[in-house]
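Q: Please take me through this structure. I want each label set against its cut-off.

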Amino acid sequence: MDFPGTHGPRYHNEYYQSYTLDDDVIVRDGLLRLRTERRSVSGEEPIGLFDYSQGLVSTADKFTFTYGYVEIRAKYPGGKGMWPCFWLMPQDGSSWPPEFDIAEYYGGQHKMHHGLAYGTMRETKWDSSGDTQTDFVNNWHIIALEWTPGKAVWYVDGVACKTVIADYVPNVPMYVLLSNSVSSRLGPSGAPDENTVFPNDFAIDYVRVYQPPAALILAKAEPAPSIPKAPEPVKEPAPAAVPEPAKPIIAVLPATALP
């Protein structure tokens with residue numbers, strides 16, 4: 001996890017308090033559990049002392065994709081300070097944004113954040129929305145992103161909850177990140193308090209990525225060519241209306257005119 005804005009591969013920045021440790025990534029009973037612990041950690045990447053540890057997995061340099069449908073079935077940890085996230089980052093590690101936050105939970109606000117960062121490092125903008133009604137802590141949910149050229153749609157349990165149609169929708173290869181972090185007082189979840197439970201797990205049943213054929217992606221990315229309209233066929237003139245037969249005229253004709 002080393003990209004612009006981080007202070008090292010195992011620590012993000014001052015908005016976080018947790019340091020990434022491998023033993024906080026647990027696979028058991030068919031689930032992936034990313035754990036946070038309240039414990040003293042002497043970090044080396046970067047060097048420093050930390051009060052919390054966290055679990056994080058990433059597909060950087062292993063799996064990336066551009067456009068498709070990606071979903072997770074998960075149950076999120078709650079409590080002030082908890083900051084679990086399902087997100088996408090660009091494989092080009094020298095640039096940020098873009099960033100897709102598919103399902104980023106702010107435990108201190110009881111809010112699920114769906115967002116897209118765009119712009120530049122100096123002038124970053126966010127297209128964001130939040131869900132404070134759905135219970136992501138006590139119930140399992142399927143959360144997804146449909147990403148196509150110029151369009152991104154977020155879903156919760158199959159229902160679209162956010163749509164972005166814009167030229168700032170990313171068009172670069174991105175990789176998947178799953179993390180269960182602890183927020184500092186500067187972060188959106190606030191610092192943990194005496195009521196925050198540790199250890200705390202971000203439980204993931206699965207993550208799936210689907211991609212359409214390349215030809216279909218190309219077809220969506222390029223506007224359809226304009227096809228000239230065929231000339232309208234020349235209409236034949238309508239036949240003259242047959243006049244209503246005149247009333248017969250009684251006349252005596254010469255014999256030669258008879259049939």
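Predicted model: local features only at pLDDT ≥ 70, side-chain atom pairs only at ≥ 80, totals over all residues.

Q: Why is Thr36 called buried?
A: Its relative accessible area is 0%. Buried means under 20%, exposed over 50%, and partly exposed in between, with a 1.4 Å probe and protein chains only. Thr36 therefore counts as buried. Its place is in strand E3, residues 31-44. Strands (E, at least two residues) and helices (H or I, at least four) are DSSP runs, numbered from the N terminus.

Q: How many aromatic pairs does the structure hold?
A: It holds 16. Rings of Phe, Tyr and Trp (its six-membered ring) pair if their centres lie within 6.5 Å; planes under 30 degrees apart count as stacked, over 60 as edge-to-face and the rest as tilted.

Q: What makes the pair of Tyr16 and Trp83 stacked?
A: The ring centres are 4.1 Å apart and the planes are at 10°, so the pair is stacked. The pair links distant parts of the chain, 67 residues apart. Tyr16 lies in the segment before strand E1 (18-20), and Trp83 in strand E6 (residues 82-90).

Q: Are Tyr16 and Trp83 buried or exposed?
A: Tyr16 has a relative accessible area of 12%, so Tyr16 is buried. Trp83 has 7%, so Trp83 is buried too.

Q: Which residues do ring pairs link into a cluster?
A: Phe63, Phe65, Tyr67, Phe100, Trp147 and Trp154.

Q: How do you know that a charge sits over the ring of Trp154?
A: The test asks for NZ of Lys or CZ of Arg within 6 Å of the ring centre and within 35 degrees of the ring normal. The charged end of Lys162 sits over the Trp154 ring, 5.6 Å from its centre. Arg208 sits likewise over the ring of Tyr206, at 3.7 Å from its centre.

Q: Why is Cys161 called partly exposed?
A: Cys161 has a relative accessible area of 39%, so the label is partly exposed. Cys85 has 4%, so Cys85 counts as buried.

Q: What makes strand E11 mostly covered?
A: Five of the six residues in E11 (residues 151-156) are buried.

Q: Which strands pair with E11?
A: Strand E10 (residues 141-148) pairs with E11 in the antiparallel sense over six bridges. Strand E12 (residues 159-165) also pairs with E11 in the antiparallel sense, over six bridges. Two strands pair if DSSP finds at least two bridges between them. Glu146 has Val153 of E11 as bridge partner. Lys151 stands opposite Ile165 in E12.

Q: Which turn residues have a positive phi?
A: Gly150 has a phi of about 75°, in the turn of the E10 and E11 hairpin, with two residues between the strands. Asp157 has about 55°, in the turn of the E11 and E12 hairpin, again with two residues between the strands.

Definitions and conventions
Residues numbered from 1 in each chain as written. Heavy atoms only, no water.
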